[in-house]
Amino acid sequence: FFCKMRIFLKLLFFALNLLFCVSIQTFNFNRTKVKIGENPCITPIGGVIWDGSKILCDYLSGVHQKSLKGKRFLELGGGTGICGIVAWLNGANGVITDMDRRDLSSGKSLLDLMRENVALNEKERGRMG
């Protein structure tokens, strides 16, 4: 009985985690459309989109949009990866990094979240050329 109850509680906690922790938002920075998933259950710092990141994305997609083509970047402490993804969508290539911190209930890390966010935007990259 206790084993079945433990499994049930784990599954319930996992379902609630997915229901309340993961959200996907769409942003438009000038002509750059980007979809980003957030998961504050991994870490309330790196798993969310900060206002400063939005400002940088708006800046990169505005004045410097054309100058990003062919450039290389390294994003340290990328969290959701939004800034690197916006640079990538505008023609730059690079690496987005962060700590491999894992959410204990789902086992997902910030690196998993970044990979999912890149995958969410691959079609958009193809449309932008």
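Reader: Where is Leu89 found?
Author: Leu89 sits in helix 3, residues 82–89. Keep in mind that this is a predicted model.

Reader: Is Leu89 buried or exposed?
Author: Buried. Its relative accessibility is 3%, and buried means under 20%.

Reader: How far apart are Leu89 and Leu68 in space?
Author: They are 9.4 Å apart, C-alpha to C-alpha. In sequence, 21 residues separate them.

Reader: New topic. At what angle do helix 2 and helix 3 pack?
Author: About 10°. Their axes are 9 Å apart. Helix 2 covers residues 51–61.

Reader: Roughly parallel or roughly antiparallel?
Author: Roughly parallel, because angles under 35 degrees count that way.

Reader: Which residues meet there?
Author: Helix 2 brings Ser53, Leu56, Cys57, Leu60 and Ser61. Helix 3 brings Ile82, Cys83 and Val86.

Reader: And by class, what is in the contact of helix 2 with helix 3?
Author: Six nonpolar residues, two polar and no charged ones.

Reader: OK, now the largest nonpolar core. Which residues touch the most other members?
Author: Phe27, Phe29, Val34, Ile36, Ile82, Ile85 and Val86. The core has 19 residues.

Reader: Which elements give two or more residues to this core?
Author: Strand 1 (23–29), strand 2 (32–38), helix 2 and helix 3. Helix 3 gives the most, with seven residues.

Reader: Last one. What does Val34 touch?
Author: Leaving out residues up to four places away in sequence, Val34 touches Gln25, Thr26, Phe27, Phe29, Ile85, Val86, Leu89 and Asn121.

Technical notes. Residues numbered from 1 in each chain as written. Predicted model: local features only at pLDDT ≥ 70, side-chain atom pairs only at ≥ 80, totals over all residues. Heavy atoms only, no water. Helix = DSSP H or I, 4+ residues; strand = E, 2+ residues; numbered from the N terminus. Buried < 20%, exposed > 50% of the residue type's maximum accessible area, 1.4 Å probe, protein only. Axes fitted to C-alpha atoms, helices over the stretch in contact; angles between N-to-C directions. Parallel < 35°, antiparallel > 145°, perpendicular 65-115°, else oblique. Contact = heavy atoms within 4.5 Å. Nonpolar A, V, L, I, M, F, W, Y, C, P; charged D, E, K, R; others polar. Core = buried A, V, L, I, M, F, W, Y, C linked by side-chain atoms within 4.5 Å.
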